[in-house]
Amino acid sequence: MTISSATAFAILSAGFFLLVGLFSGLWKFLQMWKSAEGLAHPYVDIAHRASLLYGFACITLAVLAHFSVFNPDNNLYAAIIVIAFFVLAVTGYLIQAALKGPDNQLRQPHKLGKHPMPRAGLAVFMVALVFAEIGGTLYLFAGALQNPLLQFWS
(Lines give C-alpha, C1' and ligand atoms only; values in the text may rest on other atoms or scores of the structure.)
Protein backbone atom coordinates (compact mmCIF):
# COMPACT_ATOMS: atom_id res chain seq x y z
CA MET A 1 0.00 0.00 0.00
CA THR A 2 1.30 3.43 -0.89
CA ILE A 3 0.25 6.77 0.42
CA SER A 4 1.06 10.22 -0.83
CA SER A 5 3.74 12.40 0.66
CA ALA A 6 1.05 14.80 1.89
CA THR A 7 -0.76 12.00 3.70
CA ALA A 8 2.46 10.69 5.25
CA PHE A 9 3.55 14.18 6.29
CA ALA A 10 0.21 14.90 7.94
CA ILE A 11 0.18 11.56 9.79
CA LEU A 12 3.71 12.08 11.12
CA SER A 13 2.78 15.63 12.10
CA ALA A 14 -0.17 14.24 14.06
CA GLY A 15 2.24 12.05 16.02
CA PHE A 16 4.49 15.04 16.66
CA PHE A 17 1.59 17.14 17.98
CA LEU A 18 0.37 14.28 20.15
CA LEU A 19 3.81 14.05 21.75
CA VAL A 20 4.01 17.82 22.24
CA GLY A 21 0.54 17.68 23.79
CA LEU A 22 1.57 14.90 26.15
CA PHE A 23 4.80 16.58 27.23
CA SER A 24 3.13 19.96 27.65
CA GLY A 25 0.46 18.14 29.67
CA LEU A 26 3.21 16.91 31.97
CA TRP A 27 4.56 20.48 32.22
CA LYS A 28 1.01 21.67 32.98
CA PHE A 29 0.56 19.06 35.71
CA LEU A 30 3.90 19.96 37.34
CA GLN A 31 3.02 23.66 37.35
CA MET A 32 -0.42 22.93 38.78
CA TRP A 33 1.13 20.69 41.46
CA LYS A 34 3.53 23.44 42.57
CA SER A 35 0.99 26.29 42.38
CA ALA A 36 -0.90 27.41 45.48
CA GLU A 37 -3.92 28.04 43.23
CA GLY A 38 -3.52 24.73 41.44
CA LEU A 39 -3.11 26.48 38.09
CA ALA A 40 -0.50 26.36 35.34
CA HIS A 41 0.57 29.36 33.27
CA PRO A 42 -2.26 30.06 30.80
CA TYR A 43 -0.02 29.45 27.80
CA VAL A 44 1.12 26.06 29.12
CA ASP A 45 -2.56 25.15 29.20
CA ILE A 46 -3.15 26.62 25.73
CA ALA A 47 -0.11 24.85 24.25
CA HIS A 48 -1.27 21.56 25.77
CA ARG A 49 -4.79 21.80 24.38
CA ALA A 50 -3.80 23.27 21.03
CA SER A 51 -1.23 20.53 20.43
CA LEU A 52 -3.78 17.80 21.07
CA LEU A 53 -6.34 19.49 18.82
CA TYR A 54 -3.80 20.13 16.07
CA GLY A 55 -2.88 16.44 16.22
CA PHE A 56 -6.45 15.52 15.37
CA ALA A 57 -6.56 18.27 12.75
CA CYS A 58 -3.48 16.71 11.13
CA ILE A 59 -5.29 13.37 10.91
CA THR A 60 -8.16 15.15 9.16
CA LEU A 61 -5.69 16.80 6.78
CA ALA A 62 -4.16 13.36 6.11
CA VAL A 63 -7.57 11.96 5.16
CA LEU A 64 -8.36 14.96 2.96
CA ALA A 65 -4.96 14.68 1.25
CA HIS A 66 -5.45 10.94 0.78
CA PHE A 67 -8.75 11.45 -1.05
CA SER A 68 -7.81 14.64 -2.90
CA VAL A 69 -7.77 14.30 -6.67
CA PHE A 70 -5.47 17.31 -7.03
CA ASN A 71 -1.78 17.15 -7.91
CA PRO A 72 0.06 15.25 -5.13
CA ASP A 73 2.82 17.87 -4.99
CA ASN A 74 0.28 20.66 -4.50
CA ASN A 75 -1.46 18.59 -1.82
CA LEU A 76 1.89 18.28 -0.02
CA TYR A 77 2.48 22.04 -0.25
CA ALA A 78 -1.00 22.72 1.14
CA ALA A 79 -0.44 20.31 4.05
CA ILE A 80 2.99 21.79 4.79
CA ILE A 81 1.62 25.34 4.82
CA VAL A 82 -1.25 24.51 7.18
CA ILE A 83 0.87 22.42 9.53
CA ALA A 84 3.72 24.95 9.53
CA PHE A 85 1.32 27.54 10.93
CA PHE A 86 0.08 25.01 13.51
CA VAL A 87 3.72 24.61 14.56
CA LEU A 88 4.30 28.36 14.67
CA ALA A 89 1.22 28.88 16.84
CA VAL A 90 2.16 26.17 19.35
CA THR A 91 5.77 27.36 19.38
CA GLY A 92 4.55 30.86 20.25
CA TYR A 93 2.45 29.46 23.09
CA LEU A 94 5.38 27.45 24.44
CA ILE A 95 7.68 30.48 24.27
CA GLN A 96 5.11 32.63 26.09
CA ALA A 97 4.83 29.95 28.76
CA ALA A 98 8.61 29.48 29.10
CA LEU A 99 9.16 33.25 29.38
CA LYS A 100 6.23 33.58 31.82
CA GLY A 101 4.68 36.08 29.44
CA PRO A 102 1.29 37.72 29.63
CA ASP A 103 -1.86 35.65 29.96
CA ASN A 104 -3.11 37.03 26.63
CA GLN A 105 -0.60 37.81 23.90
CA LEU A 106 -3.21 39.76 21.92
CA ARG A 107 -3.89 42.23 24.74
CA GLN A 108 -2.12 45.53 24.22
CA PRO A 109 0.67 46.24 24.65
CA HIS A 110 1.71 43.06 22.87
CA LYS A 111 4.56 41.21 24.53
CA LEU A 112 6.63 38.10 24.01
CA GLY A 113 7.53 37.27 27.58
CA LYS A 114 8.43 40.68 28.95
CA HIS A 115 9.64 41.98 25.57
CA PRO A 116 7.39 44.32 23.55
CA MET A 117 6.18 43.12 20.15
CA PRO A 118 5.12 45.41 17.31
CA ARG A 119 1.37 45.43 16.80
CA ALA A 120 1.79 45.43 13.00
CA GLY A 121 4.01 42.34 13.13
CA LEU A 122 1.47 40.41 15.16
CA ALA A 123 -1.34 41.53 12.85
CA VAL A 124 0.57 40.40 9.75
CA PHE A 125 1.27 37.03 11.35
CA MET A 126 -2.38 36.54 12.34
CA VAL A 127 -3.62 37.43 8.84
CA ALA A 128 -1.06 35.06 7.29
CA LEU A 129 -2.12 32.32 9.74
CA VAL A 130 -5.78 32.72 8.82
CA PHE A 131 -5.14 32.62 5.07
CA ALA A 132 -2.64 29.75 5.31
CA GLU A 133 -4.68 27.50 7.58
CA ILE A 134 -8.04 28.12 5.95
CA GLY A 135 -6.67 28.28 2.40
CA GLY A 136 -4.62 25.09 2.66
CA THR A 137 -7.47 23.20 4.29
CA LEU A 138 -9.97 24.44 1.71
CA TYR A 139 -7.63 23.31 -1.06
CA LEU A 140 -7.38 19.77 0.33
CA PHE A 141 -11.11 19.67 1.06
CA ALA A 142 -11.96 20.81 -2.49
CA GLY A 143 -9.73 18.05 -3.86
CA ALA A 144 -11.41 15.45 -1.68
CA LEU A 145 -14.89 16.69 -2.63
CA GLN A 146 -14.10 15.94 -6.26
CA ASN A 147 -13.16 12.33 -5.55
CA PRO A 148 -15.88 10.01 -6.88
CA LEU A 149 -15.43 7.75 -3.84
CA LEU A 150 -16.78 10.50 -1.62
CA GLN A 151 -19.70 11.62 -3.75
CA PHE A 152 -22.60 10.05 -1.90
CA TRP A 153 -25.10 12.52 -3.31
CA SER A 154 -25.03 11.32 -6.93
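Is Arg 49 buried, partly exposed or exposed, and what is its relative accessible area? Arg 49 is partly exposed, at a relative accessible area of 48%, where buried means under 20% relative accessible area, exposed over 50% and partly exposed in between (1.4 Å probe, protein chains only). The structure is a predicted model, in which local features need pLDDT of at least 70 and side-chain atom pairs count only at pLDDT 80 or more, while totals for chains, interfaces and linings use all residues. Residues are numbered from 1 along each chain as its sequence is written, and side-chain values use heavy atoms, with hydrogens and water left out.

The protein contains four helices and two strands. Helices (H or I, at least four residues) and strands (E, at least two) are DSSP runs, numbered from the N terminus. From the N terminus on, the order of the elements is α-α-α-β-β-α. The C-alpha trace spans about 60 × 35 × 25 Å along its principal axes. Of the 154 residues of the protein, 36% count as buried. Contact is defined as heavy atoms within 4.5 Å; among contacts between residues at least 6 apart in sequence, 71% join residues at least 24 apart.

The largest nonpolar core holds 31 residues. Such a core is a set of buried Ala, Val, Leu, Ile, Met, Phe, Trp, Tyr and Cys residues joined through side-chain atoms within 4.5 Å. Phe 17, Tyr 54, Leu 61, Ile 83, Phe 86 and Leu 140 touch the most other members. Two or more residues of this core are given by each of helix 1 (5–34), helix 2 (42–67), helix 3 (72–98) and helix 4 (119–145). The largest share, eleven residues, comes from helix 3. In soluble globular proteins, nonpolar side chains tend to be buried together. For Ile 83, the contacts beyond its neighbours within four places in sequence are with Phe 9, Ala 10, Ser 13, Phe 17, Cys 58 and Leu 61.

A search of the whole structure finds two salt bridges, a salt bridge being a side-chain nitrogen of Lys or Arg within 4 Å of a carboxyl oxygen of Asp or Glu. In one of them, Lys 28 pairs with Asp 45, and the closest N and O atoms are 2.5 Å apart. Lys 28 lies in helix 1 and Asp 45 in helix 2, so this pair ties together parts that are 17 residues apart in sequence. Both residues of the pair are buried: Lys 28 has a relative accessibility of 16%, and Asp 45 has one of 19%. Apart from its neighbours within four places in sequence, Lys 28 is in contact with Ala 40, Val 44, Asp 45, His 48 and Arg 49.

Asp 45 also forms a salt bridge with Arg 49, with the closest N and O atoms 3.1 Å apart. Arg 49 and Asp 45 are separated by about one helical turn, because they are four residues apart in helix 2.

On a 1 Å grid over the protein atoms alone, a pocket is an open set of points where a 1.4 Å probe fits, with protein on both sides within 12 Å along at least five of seven lines, and lining residues have an atom within 4 Å of a point. The pocket is lined by 16 residues, of which Leu 88, Ala 89, Gly 92, Gln 105 and Phe 125 are the closest to its centre. Helix 2, helix 3 and helix 4 each supply at least two residues of the lining, and helix 3 gives the most, with seven residues. By class, the lining has twelve nonpolar, four polar and no charged residues; Ala, Val, Leu, Ile, Met, Phe, Trp, Tyr, Cys and Pro count as nonpolar, Asp, Glu, Lys and Arg as charged, and the others, Gly among them, as polar.

Two further residues were examined for position and exposure. His 115 is in strand 2 (residues 115–116) and is exposed, with a relative accessible area of 54%. His 115 and Ala 84 are 31 residues apart in sequence and 24 Å apart in space, C-alpha to C-alpha. Val 130 is found in helix 4 and counts as partly exposed, at 41% relative accessibility. Between Val 130 and Ala 78 there are 13 Å in space, C-alpha to C-alpha, and the two are 52 residues apart in sequence.
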